Amino acid sequence: MKACSIRNKILSTAVFVLIWWVLTLIYPPIVIPTIPSVIKSIGQIAFSKSMWLEIGRTFYRLFFGLFFGVLFGGIVGFFCGTNKVFRQLSMTFINILQVVPPVSILILTIIWLGYNGKPAIAISAVAIFPTIVICVQDAILNLDKKLLEMAKLFNLSRTKRIKKIIWPYIKPQVYSALKISVGTASKTIVMGEVLTTVTGIGGQIVTARLNIESEMIIAWTFVAVVMYLVYNKICALFFSDKKRMRIDADVKSSKSS
């Protein structure tokens, strides 16, 4: 099964590269840069200390955007799921926040915070906030009531109910929401940098645009995708079931022996 998955990924990558190569034959390099030129640009980024500094700035901003969005979204989602009055008071605001254009919030944060990269953090946090709230709330509302009744029967404290019953039950839904949020935040953080600062990956994309360097734009986009994959992997490590991983490892070792 794993070999089949790897083969399919290689095949899809090969098709993408083939389409790209064909397009480079049709359009000039300024429109569709050649594959070697993009690889060269990626190499220039990889071997430049100043470029790593810019990547670090975006990495830092994305971390705080995710941190604040997940933290406040998780808290609000928990209270929405456990308190009916709080849910009724909050959901109108959450629903409105879902449809407010991100650019409107971005312009307001520029007025409040200035052109310093902080609006990028704010917009990414706001972008993922409703997703986290709704997913956590729905996960709690769909919690098996029999489990809660059993907790009351055994006189479990509120802390133990959260740790032993509520969290294990909602963990898969929270992880799904987090994976969606990482993708959303990764896009919005770079967009925020493009519009609010000259630093970070977004700032480098602006510089490449001004210099009409299409290959550098694609190279920096590639770096942004890699950054997303790194964050996604980190989230997977935090949400992995260690016990299940040990069992899978034991099964594989027994098969190999």
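Good morning. Read along the sequence, this protein follows the pattern α-α-α-α-α-α-α-α-α-α-α. That is 11 helices and zero strands, where helices (H or I, at least four residues) and strands (E, at least two) are DSSP runs numbered from the N terminus. The model is predicted, and local features need pLDDT of at least 70, side-chain atom pairs count only at pLDDT 80 or more, and totals for chains, interfaces and linings use all residues. Residues are numbered from 1 along each chain as its sequence is written, and side-chain values use heavy atoms, with hydrogens and water left out.

Some overall values come next. The C-alpha trace spans about 70 × 65 × 35 Å along its principal axes. Of the 257 residues, 35% are buried; buried means under 20% relative accessible area, exposed over 50%, and partly exposed in between, with a 1.4 Å probe and protein chains only. Among contacts (heavy atoms within 4.5 Å) with a separation of 6 or more, 72% are between residues 24 or more positions apart.

I turn now to helix H10, residues 214–239, and to helix H8, residues 158–196. Their axes are 10 Å apart and the packing angle is about 165°. Axes here are lines fitted to C-alpha atoms, for helices over the stretch in contact, and angles run from 0 to 180 degrees between N-to-C directions. That angle makes H8 roughly antiparallel to H10; angles under 35 degrees count as roughly parallel, over 145 as roughly antiparallel, 65 to 115 as roughly perpendicular and the rest as oblique.

How do H9 and H10 cross? Their axes come within 9 Å and cross at roughly 165°, and the two helices are therefore roughly antiparallel. Here the crossing is left-handed. Ile201, Gln204 and Ile205 are among the H9 residues in this contact, and Trp220 is one of those from H10.

Helix H2, residues 35–46, packs on H10 at about 60°, with the axes 8 Å apart. H2 and H10 are therefore oblique to each other. Ile45 is one of the H2 residues involved, and Trp220 is again among those from H10.

Which residues touch the most other members of the largest nonpolar core? Within its 34 residues, they are Ile45, Leu62, Leu66, Ile201 and Trp220. Such a core is a set of buried Ala, Val, Leu, Ile, Met, Phe, Trp, Tyr and Cys residues joined through side-chain atoms within 4.5 Å. H3 (49–82), H6 (118–141), H8, H9 (200–210) and H10 each supply at least two residues of this core. Beyond its neighbours within four places in sequence, Trp220 is in contact with Ile45, Met51, Glu54, Ile55, Ile201, Gln204 and Ile205. A second, separate core of 11 residues includes Cys80, Ile105, Ile110 and Ile123.

Finally, the loop between H9 and H10 holds isoleucine 212. This residue has a positive phi of about 55° although it is not a glycine. Isoleucine 212 is exposed, with a relative accessible area of 56%. Thank you.

Conventions:
A crossing is left-handed if the near helix is turned anticlockwise from the far one by less than a right angle, and right-handed if clockwise.
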